Amino acid sequence: MSATTQHIKAKPLWNKQKLMPWLFLMPGILFFAIYVIFPIFQSFNISFYKWSGLGEPKYIGLKNYVKLFGDRAFEISLWNNLKWLVLYLLAIPTGLAIALFLNQTVTGIRLYKSLFFFPFVISQVVVGLVFTWFYDPTFGLLNTILTSLGFAPLNVLGDPTLVTYGIILAGLWPQTAYCMILYLTGLNTVDPDQVEAARLDGAKGLRMLWYIILPQLRPATFIAFVVTVIGALRSFDLVSIMTNGGPFGSSRVLSFYMFEKALSEYGFRMGYGAAIAVVLFAIMMVFIVYFLRAMYKQESEPR
Amino acid sequence: MFPKPIHRSAAHWQVFYQGMLPLVMILWLLPLIAVAIFSIKPAVDFTNGNYWGWPSSFEAVENYGKVFFASDMPQYLLNSIYITIPTVIGAVALSCMTGFALGVYKFKGNLLIFFFFVAGNFVPFQILMVPVRTLTLDMGLYNTKTGLVLFHIAFQTGFCTLFMRNFIRALPFELVEAARVEGVAEWRIFWFVVLPLVRPAIAALSVLVFTFIWNDYFWAIVLTQGVENTPVTSGITSFNGQYRAAYHLMSAGSIVAALPPVMMFFAMQKHFIAGLTLGSVK
């Protein structure tokens with residue numbers, strides 16, 4: 001390369017395309033690396049130690065993970081996470097059903113849509129409180145209704161076999177609202193010509209929904225799936241507020257159990273907690289990779 | 001339009017639909033309506049076991065007055081504001097820059113960095129908990145609003161970058177190119193060409209981040225404690241401890257704690273929904 005071309009190239013290097021993006025990225029990357037990326041690796045590292053949060057951590061290799069296998073509470077948490085994951089997906093069809101119900105143009109429909117979306121906007125803490133009182137065995141609305149219909153009262157949150165389902169139901173309430181809004185927006189973009197053409201061909205009801213509408217709603221379904229899976233695996237607030245993991249630890253999930261172990265009242269067990277977090281992270285990673293792959297395919301298409 | 005517009009159906013179906021709407025809505029919001037009713041009942045109704053009967057008197061002013069003037073609730077609300085507003089500003093500012101860099105420039109590693117932001121945004125909080133708590137302690141920021149704000153800004157930058165970058169990429173790229181031909185400096189392109197165009201994205205992100213942070217509970221209990229700094233989500237649990245079994249006050253407190261994001265939602269509904277549904281429509 002001759003000296004002159006080098007000179008010409010050197011100037012825009014500072015000012016333009018090469019360095020500029022890094023200057024703009026710097027603050028964001030710095031924050032994100034310090035608080036999100038590094039801590040992930042640090043947690044992996046801590047999971048090989050026994051550490052109370054004070055003093056020197058003691059290296060114990062894979063012992064924390066070995067201990068997980070024999071830990072009954074861990075097993076229950078894992079199972080509950082699976083229940084959350086599967087049942088939480090009900091938010092998608094339910095959200096679609098409500099969206100179809102509300103996708104009309106009668107007067108006041110906008111207000112109705114907003115009110116149906118309401119549960120998603122309020123914090124999970126309040127959702128948890130609201131449902132705790134709803135389930136309350138002495139004055140809860142649920143039992144007031146059940147007994148007035150002649151059924152036996154239920155103590156949902158006090159019954160180890162029911163408790164997780166009770167909490168999941170509370171979680172489904174805001175999550176369904178979220179899926180509903182995704183589908184309502186999606187339904188707006190459904191091609192009216194296709195719908196009319198299919199109608200002329202005699203398609204209606206469920207067949208129309210399955211063959212004409214749902215394929216066009218795929219982007220909405222994809223987002224609904226992603227946010228619902230992540231919501232299910234992140235569930236913490238509701239468990240913490242409604243039962244604190246009880247009764248007898250039967251409603252714990254991994255996120256809650258990790259918190260409980262790491263910051264327990266009976267001494268912090270950071271290493272063990274980190275090992276639980278790593279397991280949760282590994283489960284989540286399956287879905288993150290799936291999501292990134294889908295995004296990558298989209299990116300490869302010409303814009 | 002699907003389903004078939006109701007006004008094209010027979011008259012009795014239209015009446016049926018119009019009747020169903022409020023009914024289904026009441027059913028949907030029943031748990032919330034119950035709490036709203038509790039919050040205006042007098043204490044005596046609860047001691048007498050009159051949970052669901054007609055309130056013996058209406059005590060909305062009394063109950064909500066107590067929440068606002070005789071409890072720590074105002075302090076919690078204030079803490080929430082001091083945590084939420086700086087986070088919104090910080091995360092939106094950072095992501096305008098990252099979004100600009102990733103959306104406008106072609107360079108090696110662009111997509112990789114973008115995917116790091118996206119992936120980081122989805123990790124479970126628990127994998128960050130121990131190191132972030134330790135870091136915050138080491139910086140002397142444990143149980144401060146600043147400590148919480150710094151973490152929130154960092155974490156929300158992931159989601160905001162995803163949003164901003166996609167938004168900027170969808171802008172007409174010719175505008176940037178035209179400005180470059182004119183010899184406009186890159187930072188001026190950012191400031192005078194791109195920023196004015198991303199205003200809708202800034203609005204959408206602001207309401208969304210406001211709601212996310214206001215409603216955060218996990219990091220509030222990991223990084224703060226006590227009346228001084230804890231936001232309203234974790235404050236409400238101590239509030240409830242203070243008024244154990246005083247359901248009229250706990251209900252009123254819960255409604256007060258839930259209200260700010262609700263008001264935000266109704267005020268900026270269009271932006272809020274635009275933000276939540278990004279990517280679900282093409």
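At what angle do helix α15 (residues 270–300) of chain A and helix α7 (residues 126–138) of chain B pack, and how far apart are their axes? We'll get there in a few stops.

Before you click: this is a predicted model, where local features need pLDDT of at least 70, side-chain atom pairs count only at pLDDT 80 or more, and totals for chains, interfaces and linings use all residues. Residues are numbered from 1 along each chain as its sequence is written, with chains lettered from A and ligands numbered from 1 in the order in which they are written.

**Stop 1: chain B.** Select chain B and you'll find 15 helices and 0 strands (DSSP runs numbered from the N terminus: H or I of at least four residues for helices, E of at least two for strands). Its C-alpha atoms fill a box of roughly 75 × 65 × 30 Å along the principal axes. Of the 282 residues, 47% count as buried (20 or more other C-beta atoms within 10 Å of a residue's own; 12 or fewer is exposed, in between is partly exposed; C-beta atoms are placed from the backbone).

**Stop 2: the interface.** Now show both chains: 74 residues of chain B are in contact with 80 residues of chain A (C-beta atoms, placed from the backbone, within 7 Å). On the chain B side, helix α6 (residues 110–122) gives the largest share, 9 residues.

**Stop 3: the helix pair.** Select α15 of chain A and α7 of chain B. They pack at about 145°, with axes 7 Å apart (axes are lines fitted to C-alpha atoms over the stretch in contact; angles run from 0 to 180 degrees between N-to-C directions). Among the residues making the contact are A:Met270, A:Phe281, B:Ile127 and B:Val130.

**Stop 4: helix α14 of chain A.** Pick residues 254–262 of chain A: 9 of 9 are buried, including A:Phe256, A:Glu260 and A:Lys261. The cover includes α15 of chain A and α7 of chain B, the pair from the previous stop.

Stop 5: Go to the loop between α13 and α14 of chain A, where A:Pro247 sits. A cis peptide bond joins A:Gly246 to A:Pro247, with omega about -5°. A:Phe248, in that loop too, has a positive phi of about 55° without being a glycine. Is A:Phe248 buried or exposed? Exposed, with 11 other C-beta atoms within 10 Å.

Finish at B:Asn143, in the loop between α7 and α8 of chain B. Phi is positive here too, near 60°, and B:Asn143 is partly exposed, with 15 other C-beta atoms within 10 Å.

Methods
Contact = placed C-beta atoms within 7 Å.
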